[in-house]
Every structure is written in structure tokens, then in C-alpha cells.
Amino acid sequence: MAHQARKRFGQNFLHDPNVIQNIINLIHPRPDEHLVEIGPGQGAMTRQLVSSCKKFDAIELDRDLIPVLQTEFGHLPQFELHQGDALKFPFCDLANNDKLRVTGNLPYNISTPLLFHLMDHLHCIQDMHFMLQKEVVVRITAQPGDKLYGRLGIMLGYFCDSENLMTIGPGAFRPAPKVDSAIVRLTPWSSLPAEAENLADLNRVVTQAFSQRRKTLRNSMKNLLDIDEITQLGIDPSIRPEQLALQDFVNLANQLHNKQAK
Ligand code: SAM
């Protein structure tokens, strides 16, 4: 019997050949590269990618899809299938001195935790191309002053450059999702644009700043930093968090770190 798409695994399978080709063109795989696909599903992207690279690893959670994928791709020497949860997957175990190009039409229900999991593996990653809910891509690529600028964009922007490459309508998938999707390219910075003394402090400052985004910095930072400690950094405490750049948040986090260390 044909595989039925499962909602709990976030399964919306790509079927539009033009859209698939456009995504492959954006990824632009080369023969000496090592690709990793998260959630190959029924192989819509795998089919186009697997023969264009030196090594191809695929990570799929749904056990029912494993025989389907093995039957079609298992004979290819460069193909290796891993049944498991990408949220717990040790990505860097796959890399043998080469850097991974990670790709996937991600299950929307796990996209944010998966992106944060991948941020712990960037030393072995060359770049990432993901299909996500369009709103999530807009959040990731948002700049100071944009409506959806916030924690996700700032925390991922700490580690990676991000580009919103293409919007894809629901009709490209079966079953069709309710919302638009988009492709984002994430490229780890070769050197960090700003360096936090402690990432947990950065996360704390950013989370607290955006927990009530209409509040001024003076109010949202109340339990962490006082007005003088904010002003010392050249930051106006009466502005709202959405007006601050990554470097400002890193400065606030380092101020907090130094204060705690005293
Ligand atoms: N790549 C296929 C396509 O474009 O047609 C399938 C995309 S579908 C949106 C997401 C895929 O991720 C499904 O195959 C699903 O079973 C798989 N998946 C869901 N949760 C996963 C997880 N935690 N780890 C690995 N794969 C997962």
C-alpha cells in the first residue's frame, strides 16, 4: 500500500517538479561535496541530489519510509540512510575532514529546536538550505526595526548569515499545508560578527528583551541591568528592543556577565 502522509511527522511531500528543480539550483551541489538531507520523505529532493555529490547521508524518523528509500537509493555507494530523530542526531559524526552541506524540507513542528540543535554543530557545516514556514524564514532574516525581528533572528544571526531565497505556495506539496513556505540559506560566519562572553547570558538578555516587545529596554531589563549599566554602553534605555542590533545585545549580555563575575 502507498505510504500515507502523517501529520505527526510534519509530512507534506513536494511534488511540483519546477519547484524541486528551483530548490536544487539554489543548493547547487557539486561532485566533491558531502550532502546531508533531513527528512527525505518519499525522496522528492533526494532523487535530484543524490547523484550530484560524493557522499549523501539522509536522516528519516518515520520507520515506514525506510524500506521505500532503501529500495530506491540503497544500491548507490554514496547513499547512507539513518533512521532516527534529527533533533538528537550527532551531525559531526558524519563528517570525515569534509564540511557538510545540510538540507531539508523540514517538518514545521520541529523547525526551531532543530535549527538550535544545528547551531551546536556548525564547526562541521559548510552551509544549510531549509524549507520552512515562510513566517519563520521572515523571522530568521528580519533586521532591526522589522515587525518580526526578535529572538530567533538574533540568536541564529549570532552564528550565521541568512538569506531568504524563495517563497513556495501550498500547491507544491501533498497534502497542501495551510501556509506559504520559503527557502532560507544559512551560512556560518567565518568569524563571529560579535562575541558574547557567555551564550546563556545572550539568550537571557534577548529572551527577556522580547518577552514584552512593546516595553522599553529600561523596563524589560529591570532585573538584569540598571539604567546606568545600559547607558554606559552607549545604548538609550528608553528605546524598544526591536531597534537594537546584534552587537547591542552582545554588549548588554557582556555587561551582565561582567557584573555577575564581580
Ligand atoms: N523531503 C520530503 C519532501 O520534500 O517531499 C519530505 C518533507 S516532509 C515536510 C518532512 C520529512 O521529515 C518527513 O519525511 C518526516 O517523516 C521527516 N521527519 C519528521 N520529523 C523528523 C525528525 N525529528 N527527524 C528526522 N526526520 C523527521
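Select Cys92 and Cys124 to begin: the torsion about their S-S bond is about -85°, so the disulfide is left-handed. A disulfide here is a pair of cysteine sulfur atoms within 2.5 Å. Cys92 and Cys124 qualify, with S to S at 2.1 Å. Cys92 sits in the loop between β4 (79-83) and β5 (100-105), and Cys124 in the loop between α4 (111-119) and β6 (125-133), so the bond ties together parts 32 residues apart in sequence. Helices (H or I, at least four residues) and strands (E, at least two) are DSSP runs, numbered from the N terminus.

Before moving on, note that this is a predicted model: local features need pLDDT of at least 70, side-chain atom pairs count only at pLDDT 80 or more, and totals for chains, interfaces and linings use all residues. Residues are numbered from 1 along each chain as its sequence is written, and side-chain values use heavy atoms, with hydrogens and water left out.

**The cysteines**

Stay on Cys124. Its relative accessibility is 6%, so Cys124 counts as buried. Buried means under 20% relative accessible area, exposed over 50%, and partly exposed in between (1.4 Å probe, protein chains only). The disulfide count comes to one.

Next, select Cys53. Cys53 is buried at 8% relative accessibility. Now pick Cys160. The closest cysteine sulfur to its own is again in Cys124, at 12 Å, too far for a bond. Cys160 is buried at 2% relative accessibility.

**The aromatic rings**

Show the Phe, Tyr and Trp side chains. Rings (for Trp, the six-membered ring) pair if their centres lie within 6.5 Å; planes under 30 degrees apart count as stacked, over 60 as edge-to-face and the rest as tilted. By this rule there are six aromatic pairs. Zoom to Phe73 and Phe79: their ring centres are 5.5 Å apart and their planes are at 45°, so the pair is tilted. Phe73 is buried at 3% relative accessible area, and Phe79 is buried at 8%.

Go on to Tyr149 and Phe210. Their ring centres lie 6.1 Å apart with planes at 85°, so this pair is edge-to-face. Tyr149 is in the loop between α5 (134-141) and α6 (151-159), and Phe210 is in helix α7 (residues 199-211), so the pair ties together parts 61 residues apart in sequence. Both Tyr149 and Phe210 are buried.

**Helix α10**

Keep Tyr149 on screen and select Leu246. Which residues does Leu246 touch, not counting those up to four places away in sequence? They are Tyr149, Ile154, Gly157, Tyr158 and Pro193. Contact means heavy atoms within 4.5 Å. Leu246 lies in helix α10 (residues 246-261). Its relative accessibility is 16%, so Leu246 counts as buried.

**Backbone stops**

Most residues other than glycine have a negative phi, and most peptide bonds are trans.

- Pro175 is in the loop between β8 (173-174) and β9 (181-188).
- His28: phi is positive, about 50°, although His28 is not a glycine. Look in the loop between α1 (17-27) and β2 (34-38). His28 is partly exposed, at 46% relative accessible area.
- Asn97: phi is positive, about 65°, and Asn97 is not a glycine. It lies in the loop between β4 and β5. Asn97 is exposed, at 87% relative accessible area.
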